[in-house]
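Student: I would like to work through a structure step by step. Could you please show it to me?

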Amino acid sequence: MAMLEVKDLEVYYGVIRAIKGISFEVNEGEIIALIGANGAGKTTILHTVTGLIKPKAGQVIFEGQDITKTPAHKIVKLGMAHVPEGRRVFSQLTVYQNLKMGAYSRSDKDEIEDSLQKVYKRFPRLEERKNQVAGTLSGGEQQMLAMGRALMSSPRIILMDEPSMGLSPILVNEIFDIIQSVSAGGTTVLLVEQNAKKALGIADRAYVLETGNIVQEGRAADLMDDESIKKAYLGE
């Protein structure tokens with residue numbers, strides 16, 4: 001059984017059919033990439049899976065449980081974390097306060113402290129800046145904070161929306177290294193990313209979206225070698 005199953009999902013914005021009956025799955029331990037141009041529907045899919053948008057039709061099943069109509073805050077408690085596009089850190093709060101906000105669904109103080117130390121170990125810069133107001137961090141540091149905050153909920157799966165957006169090439173490499181280390185640590189990853197080359201470089205499998213439809217799917221390495229993918233998304 002897949003960890004996450006999306007079945008025949010349809011999402012509308014008013015009369016516009018944004019997601020057109022798509023189906024895909026994510027198995028435990030995988031890094032799955034959703035790639036596609038702006039407006040393809042990638043972010044809408046993540047928002048629907050995490051309960052921020054209610055679909056018109058279809059199902060979202062997480063670890064065997066239908067969560068299609070489950071509120072977003074309850075989905076977090078089930079073990080799903082979302083790193084939104086644009087980072088969305090609490091800019092007036094400190095790094096430490098942001099991280100503690102990520103653990104709002106948990107109650108065991110010792111386990112929360114253990115998660116905090118693990119986040120600091122993975123992101124040493126966050127520990128260095130733990131008393132700094134988040135709005136004064138660089139873009140790369142804010143991305144690390146958004147990822148660290150998501151990890152504070154101790155998720156089984158983490159959904160990341162455009163983690164490399166607006167970052168320098170060096171920081172992009174660093175963020176993708178971190179995504180791989182998160183995966184190696186036992187957390188399943190569903191990655192939405194416009195940088196298709198980077199996404200396919202670390203993913204196990206990928207789905208290609210065009211205007212609300214999945215038009216290709218397969219092993220990431222195979223898609224990386226596909227001539228149509230190279231031309232459309234890899235700039236080759």
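Student: How many bridges join strand β3 to strand β9?

Tutor: This is a predicted model in which local features need pLDDT of at least 70, side-chain atom pairs count only at pLDDT 80 or more, and totals for chains, interfaces and linings use all residues. Residues are numbered from 1 along each chain as its sequence is written, and side-chain values use heavy atoms, with hydrogens and water left out. Helices (H or I, at least four residues) and strands (E, at least two) are DSSP runs, numbered from the N terminus. Strand β3 covers residues 31-36, strand β9 covers residues 205-210, the two run parallel, and the number of bridges joining them is five.

Student: Is S115 buried or exposed?

Tutor: S115 lies in helix α4 (residues 109-122). Buried means under 20% relative accessible area, exposed over 50%, and partly exposed in between (1.4 Å probe, protein chains only). With a relative accessible area of 9%, S115 is buried.

Student: Leaving aside its neighbours within four places in sequence, with which residues is S115 in contact?

Tutor: Contact means heavy atoms within 4.5 Å. Leaving aside those neighbours, the residues in contact with S115 are R106 and M152.

Definitions and conventions
Two strands pair if DSSP finds at least two bridges between them.
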